[in-house]
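Please keep the sequence and the coordinates open while reading.

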Amino acid sequence: MSTDTVTDVFEEHRPVLLEVAYRMLGRVADAEDVVQEAWLRWTGADRAGVRDPRGFLVRVTTRLAIDRLRQVKARNEAYVGPWLPEPYVTEFGDTVEDTAERAVLADTVSLAVLVVLESLSPLERAVFVLREAFGYPYGDIATMLDRGEPAVRQLAGRARRHVDERRPRYDVDPVERRDLTERFLAAASEGDLEGLLSLLAPDVRLVGDSGGKSSAPLRVVESAERVGRFLVGAALKGVPAVSFRFLELNGGPALLALSDGKPDSVFQLEILNGGIQSIYVIRNPDKLRSLNLG
């Protein structure tokens, strides 16, 4: 296999490797590091015996991600305030034509699901990601993880039950989410408490992630009244030279706030029965670097 072919094969599969690694880790930088290490493994492998390059590369990436996940779990124990995944630009566009497949990919990369996945063991998370997001057969997953198929089926069942029990239930209509996000922006930026209260569910939750490196609540803010007043207070303090941009992040519409053209915060809303049920606010500057899109 020529050098060009070696590179071409890897680049063909790089997007799916990054998708796997991000769902495993919830961090763009860590996912990119894992994919880079997979590239080094690929260039040093005996490729003559590799009949399925994609399967080989997904296997290597998954194992590297499991090792990385065990390292970062210890790091998260000292995290200041609530932890949220790093925002990930999806914008599937025309790359995923099938509506059902698109829905699965969007769901398994959502902030709400990734938060739940943090509570799985690394092996459970790997099985869940490979099975639920990418549809790998149990036998293939068993080979990738060097486990027996019955053990993999047990891991998959345990992970699925865990996720089903803990994942919040939201409406997934992207048009409705975009509309409510626009109305939310208008009310919040104007400090319109009454307008905000008309959009918020009574039991709405606001989860802020700053890592202690910027201003954000160190505890979850709950109830429409408290969340509304918090947002009005934040609007009054203001952000220097603020501007806003809509993006598709983690499979759904999101709002990127910029200060002097640099990422300041990300807002993403979850909707249920026409009301805003959850507001995720990410302000940790380390998690916004990949959104410096120019």
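The text below goes from the sheet to the helices and then to the charged pairs.

The model is predicted: local features need pLDDT of at least 70, side-chain atom pairs count only at pLDDT 80 or more, and totals for chains, interfaces and linings use all residues. Residues are numbered from 1 along each chain as its sequence is written, and side-chain values use heavy atoms, with hydrogens and water left out.

**Sheet**

Helices (H or I, at least four residues) and strands (E, at least two) are DSSP runs numbered from the N terminus. Two strands count as paired if DSSP finds at least two bridges between them. In general, strands of a sheet pair through backbone hydrogen bonds, either parallel or antiparallel.

Here, 6 strands form an open sheet in the order β2-β1-β6-β5-β4-β3, and the pairing is mixed. The edge strands, each pairing on one side only, are β2 (221–222) and β3. Strand β3 (residues 242–249) runs antiparallel to strand β4 (residues 252–259), with 8 bridges between them. S243 has L258 of β4 as its bridge partner, and L247 has A254 of β4. The hairpin of β3 and β4 has 2 residues between the strands, and N250 takes a positive phi near 50 degrees there.

**Helices**

Contact means heavy atoms within 4.5 Å. Axes are lines fitted to C-alpha atoms, for helices over the stretch in contact, and angles run from 0 to 180 degrees between N-to-C directions.

Helix α9 packs on the sheet and touches β3, β4, β5 and β6 (275–282), its direction making about 125 degrees with that of β5. Helix α11 (residues 224–237) lies across β1 (200–209), β2 and β6, at about 50 degrees to β1.

Helix α6 (residues 122–133) packs against helix α7 (residues 138–145) at an angle of about 140 degrees, the axes being 10 Å apart. The contact is made by L123, A126, V127, L130 and R131 of α6 with Y138, I141, M144 and L145 of α7. Angles under 35 degrees count as roughly parallel, over 145 as roughly antiparallel, 65 to 115 as roughly perpendicular and the rest as oblique; α6 and α7 are therefore oblique to each other.

**Salt bridges**

A salt bridge is a side-chain nitrogen of Lys or Arg within 4 Å of a carboxyl oxygen of Asp or Glu.

| Pair | N to O distance |
|---|---|
| R68 and D30 | 3.1 Å |
| D107 and R167 | 2.4 Å |
| E270 and R177 | 3.8 Å |

E270 belongs to strand β5 (residues 262–272) and R177 to helix α9, so this pair links distant parts of the chain, 93 residues apart. Salt bridges that share partners join R27, D30, D33, R68, E118 and R125 into one network.

D30 is buried at 9%, and R167 is buried at 11%. D107, at 32%, is partly exposed. E270 and R177 are both buried.

Key:
Buried means under 20% relative accessible area, exposed over 50%, partly exposed in between (1.4 Å probe, protein chains only).
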